[in-house]
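This report is meant for someone looking at the structure for the first time. Please keep the sequence and the 3D view at hand while reading.

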Amino acid sequence: MSALPESLAAASAPGAPAPGRVHAVRGGVVEVRFPPSILPTLGTALLACPPGAPTLTLEVESQVDECTVRSVALQDTQGLARGVPVRSMGGPLAVPVGDALLGRLINVLGEPGDGGAPIPEDTPRRPIHRPPLPLGQRRAVADVFETGIKVIDLLAPLALGSKAAMFGGAGVGKTVLVMELIHVMAQTYQGLSVFAGVGERTREGHELLLDMRNSGMLANTILVYGQMNEPSGARWRTPLTALTLAEYFRDEQQRNVLLLMDNVFRFVQAGAEVSGLLGRLPSRVGYQPTLASEVAAVQERIACGEHASVTAIEAVYVPADDFTDPAVTAIAVHLDSRIVLSRSLAAEGMYPAVDPLASQSRLLDPAVVGQAHCDLAREVREAIARYRELQDIIALLGVAELSAEDQTRVKRARRLQRFLTQPFSVTEAFTGQAGRQVALRDTLAGCRAILDGAGDDLPESAFYMVGTLDEALARKTP
Ligand SMILES: Nc1ncnc2c1ncn2[C@@H]1O[C@H](COP(=O)(O)OP(=O)(O)OP(=O)(O)O)[C@@H](O)[C@H]1O
């Protein structure tokens, strides 16, 4: 970071009298006046110190004139009044990073939210605004990892150092899928996880903390929460705090990090709220004019370094199931794997409700997964696409009116669709069915066999919510 001008450095020193004063408070937006020589720059963190009350962190978003800045509050502004002294922190918000945070739940400022001991004073700190890793220091993504979830491994594989997202409307299973992936990772992948809970229900966040604590997964995890009850500024900056932690482990300790974000749409939504509060003109569909750059500022920082990587798995809420929503498209362009959850599959109970045709991954490439895998994925997609084409005819005339060839195709496609469902470990408590993880080899062999007619004689139900094909075959017994 560039050196501070002398006047600003002196004014930011902890013991120095606060040079700024709150001029106006409008909800989450606070205008602060400073002497013109030390007007803080954009992105600088400010500390408002109301007498007799806890301090409050703000972030400068615009300079209104030569002595006024407009800032957004990262904490609740209740009780903040005109005239309250404000000190500039001389740079962006710096959050504690490192091993002391492992196993902890923190907020956007890096303060504990789990009722535990305070974070030690000597913990190193890093600014939340940082440039992404230069291209020259990045490594190409190629190490595919198996999730054990058949439909993902087959049609939208994930890789270490890649970015993947689950897209879906309300209640189609995004959170369940992210939780299952956390579960899989904890068992198979020896790394650290940083979970950013952005704008979702506080109850879900609490449940995750308890689940992780009970299953012993918390020791290698940091939870960073800016849930729906927090001010928009906090929700907007929570992903940056989580990213800063992930980058620290990647760059300083050369450790692989899994970054989970639920929900990236809420981050965009918080940005839109902040933009509205700042009085900026809205852009398409009411989103902030800076939508693309805000999303890019987060997504570009998720990258694979020379020695270690940050792998991101994100949940993206799709408002009103509209996949052309500007927020959704702005996020989608940055991803390596897009897993689209379908409401009609969820309505039929075909969990995980991953749409086999809409989901895709850059890693489904012969150079990465091999020719045989790519060919099989294409064949599975073709079979399901053909079945969807025929569905209208079937609804009107019945299956019997189809040609013998199409009848066989429909039969196999329906079995394939069911074979791609699978019970999850995290849903065991309410489905009563033990979770299954399937090796990629078995997934490929199972799909190949079904396409070749190995399951033609079995009832469709034999394929529903099973692990391997052998399990389905074992259900044959009357
Ligand atoms: N794999 C699954 N197996 C069984 N049930 C599932 C599965 N996935 C989702 N469900 C059912 O769907 C419900 C909603 O799932 P989830 O909370 O993951 O949705 P969501 O897309 O995250 O919703 P929201 O956007 O409202 O947060 C679950 O409570 C569960 O009943």
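Predicted model: local features only at pLDDT ≥ 70, side-chain atom pairs only at ≥ 80, totals over all residues.

## The barrel and strand β5

Six strands form a closed barrel in the order β1-β2-β5-β4-β3-β6, and their pairing is antiparallel. From one strand to the next, the twist averages 45 degrees.

In that order, β5 stands between β2 and β4. Strand β5 covers residues 68–73, and five of its six residues are buried, so that the strand is mostly covered. On one side, β5 pairs with strand β2 (residues 29–33) in the antiparallel sense, over five bridges. Within this pairing, Val-29 stands opposite Val-72 of β5.

The link from β4 to β5 is a hairpin of two residues.

## The open sheet

A second sheet is open and has eight strands, in the order β8-β14-β13-β15-β16-β12-β17-β18, with mixed pairing. Its edges are β8 (105–106) and β18 (360–361); each has a single partner strand, so one side of each is left without a neighbour in the sheet. For β8, the pairing with β14 is parallel and has two bridges. Leu-105 stands opposite Leu-223 of β14 in this pairing.

## Glu-230

The loop between β14 (221–226) and α5 (232–252) contains Glu-230. Is Glu-230 buried or exposed? Glu-230 counts as buried because it has 21 C-beta neighbours inside 10 Å, and the cut-off for buried is 20 or more. Glu-230 and Leu-74 are 156 residues apart along the chain, while their C-alpha atoms are separated by 8.6 Å.

## Two helix pairs

Two packed helices are described by the angle between their axes and the distance between the axes. The table gives these values for two pairs.

| Helix pair | Angle between axes | Distance between axes | Handedness of crossing |
|---|---|---|---|
| α5 and α6 | about 135 degrees | 8 Å | left-handed |
| α12 and α14 | roughly 160 degrees | within 9 Å | right-handed |

Helix α6 spans residues 264–277, and its axis meets that of α5 at an angle of about 135 degrees. The angle makes α5 oblique to α6. By class, their contact has five nonpolar, three polar and three charged residues. On the α5 side the contact is made by Ser-232, Gly-233, Arg-235, Trp-236 and Pro-239. These residues meet Arg-266, Phe-267, Ala-270, Gly-271, Glu-273 and Val-274 in α6.

In the other pair, α12 spans residues 404–419 and α14 spans residues 440–451. How do α12 and α14 run, roughly parallel or roughly antiparallel to each other? Their axes cross at roughly 160 degrees, and angles over 145 count as roughly antiparallel, so α12 and α14 are roughly antiparallel to each other. The contact of α12 with α14 has five nonpolar, one polar and two charged residues. From α12, Arg-412, Arg-415, Leu-416 and Phe-419 take part, and they meet Gly-446, Cys-447, Ile-450 and Leu-451 in α14.

Conventions:
Residues numbered from 1 in each chain as written. Buried ≥ 20, exposed ≤ 12 C-beta atoms within 10 Å, placed from the backbone. Helix = DSSP H or I, 4+ residues; strand = E, 2+ residues; numbered from the N terminus. Pairing = 2+ DSSP bridges. Axes fitted to C-alpha atoms, helices over the stretch in contact; angles between N-to-C directions. Parallel < 35°, antiparallel > 145°, perpendicular 65-115°, else oblique. Left-handed = near helix turned anticlockwise from the far one by under 90°. Contact = placed C-beta atoms within 7 Å. Nonpolar A, V, L, I, M, F, W, Y, C, P; charged D, E, K, R; others polar.
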